[in-house]
Amino acid sequence: MSEHSLSFKIDAQSGEARAGVLTTRRGQIETPVFMPVGTAGTVKGIRFEALESELDAKIILGNTYHLWLRPGIDVIRAAGGLHRFMNWNRALLTDSGGFQVWSLGALRKITEEGTEFRSHVDGSLRFLSPEVSMEVQAALGSDIVMVFDECAPGQASNEETERSLNLTARWAKRSKEAFDRLQAEGADTGRLETEGLSGAQALFGIVQGAGHLDLRRHSLEQTVNIGFDGYAIGGLSVGEEKSLMFEVIEDIAPRMPRDAPRYLMGVGTPEDLIEAVARGIDMFDCVLPTRNGRTGQAFTSRGKLNVKNAQWTNDARPLDESCGCSVCRRHSRAYLRHLYISGEMLASILLTHHNLAFFLDTMRGVRQAIRSGDFPKFRREFTERLDATGE
Ligand SMILES: [Zn+2]
């Protein structure tokens with residue numbers, strides 16, 4: 001049996017862009033990959049059957065913070081882990097809860113030990129630390145676990161950012177120690193023997209450092225020294241300029257270990273994904289396709305389309321004429337607009353479905369283009385099509 005909990009193989013490259021296969025204990029995932037976000041044990045507005053069959057998502061996310069507060073780990077442990085609780089047998093990645101607590105802002109208090117905050121569910125005082133986060137993620141039994149980190153705001157000063165990323169490094173070390181202990185104790189509910197793999201959870205480290213390149217490099221070095229199965233870039237897309245985000249990715253991604261998966265957390269629009277792939281990123285997650293779907297926004301190959309607009313009242317065309325998803329094959333913009341305006345729940349369901357299909361198809365196209373050597377052309381044409389509409 002291997003000592004590794006996952007394997008990663010790159011089989012094509014185009015500049016910094018890489019196409020490969022990430023093998024987890026719950027299946028193979030072709031990269032670059034977009035991971036739909038299942039915050040509270042559900043990718044909002046879509047059934048698992050659709051995620052599996054039509055959309056063929058190989059991996060989804062769960063949020064530690066939300067699942068810890070509700071239903072709580074006793075319920076999930078009793079159900080045999082999050083895979084069994086949801087009955088999703090493909091790969092799962094859980095975040096550490098750090099970002100959710102961070103986004104509570106004034107409601108939290110950070111100490112060396114961890115973060116104290118008030119639950120948004122019942123107002124109770126809670127405490128999240130590297131050890132607690134690892135314990136919760138072991139109980140969830142996800143296939144990829146994220147270290148507990150602290151996120152400095154995008155505009156943070158050099159000193160503030162340095163203090164924060166040093167704390168992140170100490171928390172990463174404690175995360176790994178707690179993680180190893182929990183694996184040895186058998187706390188991981190998702191353990192699964194798979195050929196060539198150890199059956200254990202995989203653990204990813206997170207590089208912080210806001211918009212300061214020197215600190216980002218320092219954080220990367222600290223993280224790689226501890227040693228993880230994969231590496232993530234955190235703390236981007238939190239209000240900084242887009243140009244700064246790409247500057248950080250362009251500088252940091254190529255310095256990340258070449259033979260480990262690189263994950264850009266919480267980003268972004270389809271064009272952001274393509275631009276980050278071009279700079280060497282393999283994995284993405286974002287709430288945009290689901291969240292914006294629920295507020296009437298569709299992502300299309302010609303840009304964003306707001307389904308509420310009166311201009312679609314009698315429009316018989318699908319959301320996206322070059323999309324082959326079941327929503328675009330069946331329904332018109334006029335009908336979708338009517339559903340949305342009438343407050344019908346089906347509007348959210350159909351828009352979410354199309355948006356996820358569009359994100360996953362885009363990544364399929366990206367992978368094919370890297371493999372066939374056409375990625376520069378794919379990237380150029382994708383951008384030109386978006387620019388042509390001016391919407
Ligand atoms: Zn569609």
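Mentor: Gladly! Helices (H or I, at least four residues) and strands (E, at least two) are DSSP runs, numbered from the N terminus. On a 1 Å grid over the protein atoms alone, a cavity is a set of points where a 1.4 Å probe fits but cannot get out, and a pocket is an open set with protein on both sides within 12 Å along at least five of seven lines; lining residues have an atom within 4 Å of a point. This is a predicted model, where local features need pLDDT of at least 70 and side-chain atom pairs count only at pLDDT 80 or more, while totals for chains, interfaces and linings use all residues. Residues are numbered from 1 along each chain as its sequence is written, and side-chain values use heavy atoms, with hydrogens and water left out.

Trainee: Which element gives the most to the lining of the second largest pocket?

Mentor: That pocket is lined by 26 residues, with Glu 3, His 4, Ser 5, Phe 228 and Asp 229 nearest its centre. Strand S1 (7-14) and helix H7 (158-185) each supply at least two residues of the lining. With 4 residues, the most comes from H7.

Trainee: What volume does the largest pocket have?

Mentor: Its lining has 37 residues, and Phe 99, Gln 100, Gly 266, Asp 285 and Val 287 lie nearest the centre. Helix H5 (98-102), strand S14 (283-286) and helix H11 (288-294) are the elements that give two or more residues to it. A volume is the space filled by probe spheres set on grid points, which are joined across faces, edges and corners. For the largest pocket this comes to about 800 Å³.

Trainee: Which element gives the largest share of the lining of the largest cavity?

Mentor: The search of the whole structure finds 2 cavities of 30 Å³ or more, and about 50 Å³ of space lies in the largest. Among its lining residues are Gly 98, Val 101, Trp 102, Arg 108 and Ile 110. H5 and strand S7 (108-110) each supply at least two residues. The largest share, 3 residues, comes from H5.

Trainee: How many charged residues are in the lining of the second largest cavity?

Mentor: Leu 165, Thr 168, Ala 169 and Ala 172 are among the residues that line this cavity. Ala, Val, Leu, Ile, Met, Phe, Trp, Tyr, Cys and Pro count as nonpolar, Asp, Glu, Lys and Arg as charged, and the others, Gly among them, as polar. The lining divides into 4 nonpolar and 4 polar residues, and the number of charged ones is: none.
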